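Colleague: Hi! Could you walk me through how the helices pack and which charged side chains pair up?

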Amino acid sequence: MQRCDWAGPEQIYLDYHDTDWGVPEYDSRALWEKLVLDGFQAGLSWITILKKRENFREAFAGFDPDVIARWGDAEVETLLQNPGIIRHRGKIEATITNARVWQKIEAREGFDTYLWNYVGGAPLQNRFASQADVPPSTALSAQISKDLKKEGFKFCGPTIVYAFMEAVGMVNDHLVTCHRHDVVASMAKE
């Protein structure tokens, strides 16, 4: 079975590639969770985050932005003592800030609508033949990053945003030789 070059060899990575990565996500809270996790990944490998994902979910109240938006210094200090997550003060504090920004966007138009409007509501379908062809960021990810920062988001640079776009299926970057490319392409909302 052909997969994207980055998938493997660990089973958790293969499972993520085969069931989660690139599948279009239209739920506002789930989109926010994935953006937060991509922010935590900055400077680290994705496998590190993937292995700690359940710990993150537990530590961050199931990634409920309405709960996290009420957190303050006490919760930050508690999280800094949690060995199950990435203990980076800036990223933890950014998560709280980002929860508050998420609430603002969610109330205004829906976080899902806000993000999916950038691609006209449907995933961009790339047809890359090799991993070397896949860009680390694009003009669109730079624009989304800029707009998110203008809204108040932290840890959402163009490379983080592009990785997020790939993960949530805003862009289909499964290689054309990968068994998931056509499957993921068929999942796009009409």
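**Helix packing and salt bridges**

Modeller: Happy to! Let's begin with a helix pair: α5 passes α6 in a right-handed crossing. Helices here are DSSP runs of H or I with at least four residues, numbered from the N terminus.

Colleague: Before we go on, what kind of model is this, and which pLDDT limits apply?

Modeller: This is a predicted model, where local features need pLDDT of at least 70 and side-chain atom pairs count only at pLDDT 80 or more, while totals for chains, interfaces and linings use all residues. Residues are numbered from 1 along each chain as its sequence is written, and side-chain values use heavy atoms, with hydrogens and water left out.

Colleague: Good. Back to α5 and α6: at what angle do their axes cross?

Modeller: Roughly 140 degrees, and the axes of α5 (residues 73-80) and α6 come within 10 Å. Each axis is a line fitted to C-alpha atoms over the stretch in contact, and the angle, from 0 to 180 degrees, is taken between N-to-C directions. The two helices are therefore oblique to each other. For the classes, under 35 degrees is roughly parallel, over 145 roughly antiparallel, 65 to 115 roughly perpendicular, and the rest oblique.

Colleague: Which residues of α5 and α6 meet?

Modeller: On the α5 side they are Val76, Glu77, Leu79 and Leu80, facing Arg89, Ile92, Glu93 and Ile96 of α6; contact means heavy atoms within 4.5 Å. By class, that makes five nonpolar, no polar and three charged residues. The classes are Ala, Val, Leu, Ile, Met, Phe, Trp, Tyr, Cys and Pro as nonpolar, Asp, Glu, Lys and Arg as charged, and the others, Gly among them, as polar.

Colleague: And how do α8 and α9 pack?

Modeller: Their axes are 8 Å apart, at an angle of about 110 degrees. That makes α8 roughly perpendicular to α9. Leu140, Ser141, Ala142, Ile144, Ser145 and Leu148 of α8 meet Pro158, Val161, Tyr162 and Met165 of α9. The contact has eight nonpolar residues, two polar and no charged.

Colleague: What about α2 and α9?

Modeller: Those axes come within 9 Å and cross at roughly 135 degrees, which makes α2 oblique to α9. From α2, Leu31, Lys34, Leu35, Asp38 and Gly39 touch Ile160, Ala163, Phe164 and Ala167 in α9. Six of these count as nonpolar, one as polar and two as charged.

Colleague: Changing topic, how many salt bridges are there?

Modeller: The structure holds 12, counting a side-chain nitrogen of Lys or Arg within 4 Å of a carboxyl oxygen of Asp or Glu. One of them joins arginine 3 and aspartate 18, at 2.6 Å from N to O. Arginine 3 sits in the segment before α1 (11-19) and aspartate 18 in helix α1, so the pair ties together parts 15 residues apart in sequence.

Colleague: Is aspartate 18 buried or exposed?

Modeller: Buried, at 17% relative accessibility, whereas arginine 3, at 24%, is partly exposed. Buried means under 20% relative accessible area, exposed over 50% and partly exposed in between, with a 1.4 Å probe and protein chains only.

Colleague: Where do arginine 108 and glutamate 151 lie?

Modeller: Their side chains meet in a salt bridge of 2.9 Å, N to O. Arginine 108 is in α6 (residues 89-108) and glutamate 151 in α8 (residues 139-151), so the pair ties together parts 43 residues apart in sequence.

Colleague: Last one: what does tyrosine 13 touch?

Modeller: Leaving out residues up to four places away in sequence, Trp6, Gly8, Trp46, Ile47 and Leu50. Tyrosine 13 is in helix α1 and is buried at 14% relative accessibility. Its C-alpha atom is 7.7 Å from that of leucine 50, 37 residues away along the chain. The cover over the buried residues of α1 includes α3 (46-59) and α9 (158-167).

Terms used:
A crossing is left-handed if the near helix is turned anticlockwise from the far one by less than a right angle, and right-handed if clockwise.
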